[in-house]
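Hi,

Here is the structure I promised to send over. Have a look first, and my notes follow below.

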Amino acid sequence: MELFEVAVPLVVEEKEFLTDSGGPGRQRGGLGQRMSFRLLDSFRGAATVAVQPMGQNEPPFGLNGGGAATTAEVLIDGRLLSREEKLARTGALLVEEPSMLVGVYMAGGGGFGPPEEREVALVQADVRDGLVSPEQAAEVYGVVLDPASGALDEDATRTRRQARRIARETATAAENEPDE
């Protein structure tokens, strides 16, 4: 970030990973990032900034049962730009005032393999590290953790994962049935 700030008249307010932005899977997709910036207070004038994050229109897809990642978004002063606004700007934003905050949510990567096949210990580590929320761990990965301690609820996890596997197998069987 320091090199970026030296090269352009912008200051980075934040840059961080986005929880739950990687596509769920046996191998979780890489996380997207949030970055926000504004003009330096000392800069006199405006700056045109090219903002064209990949994955704005379609989320990066998962493979072999893995889930899609989150899409990329662009915000100005906390307001998401609509598709039409993004197209009208053709990827370039005019930053005119130091008070104007530009935010970019970069897309994550798609997951690989069914999420309920991710090792329970890896899901627990993802939650501990803030990469996956406890809600996504339970709903998507089928890993149920105690909200206070983070301890694994083995019975609830076994039940959820079995239900997810049955649902996936049922959906796959229905897709493979011949049309009459």
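Among contacts in the chain between residues at least 6 apart in sequence, what percentage join residues at least 24 apart? The figure is 66%, where a contact means heavy atoms within 4.5 Å.

Before you read on: this is a predicted model, in which local features need pLDDT of at least 70 and side-chain atom pairs count only at pLDDT 80 or more, while totals for chains, interfaces and linings use all residues. Residues are numbered from 1 along each chain as its sequence is written, and side-chain values use heavy atoms, with hydrogens and water left out.

The chain has five helices and seven strands (DSSP runs numbered from the N terminus: helices are H or I with at least four residues, strands E with at least two).

Now the inside. The largest nonpolar core has 16 residues; such a core is a set of buried Ala, Val, Leu, Ile, Met, Phe, Trp, Tyr and Cys residues joined through side-chain atoms within 4.5 Å, and buried means under 20% relative accessible area with a 1.4 Å probe, protein chains only. Phe 37, Leu 93 and Val 102 are among the residues with the most contacts inside this core. The largest share of the core, three residues, comes from β2.

Val 102 also touches Met 35, Ser 36 and Leu 75, among others. In β7, Val 102 is the bridge partner of Ile 76, and Val 104 stands opposite Met 35. Strand β7 pairs antiparallel with β2 over four bridges (pairing takes at least two DSSP bridges), and four bridges also join β7 to β4, again antiparallel.

Best wishes

Conventions: Buried means under 20% relative accessible area, exposed over 50%, partly exposed in between (1.4 Å probe, protein chains only). Lists of a residue's contacts leave out its neighbours within four places in sequence.
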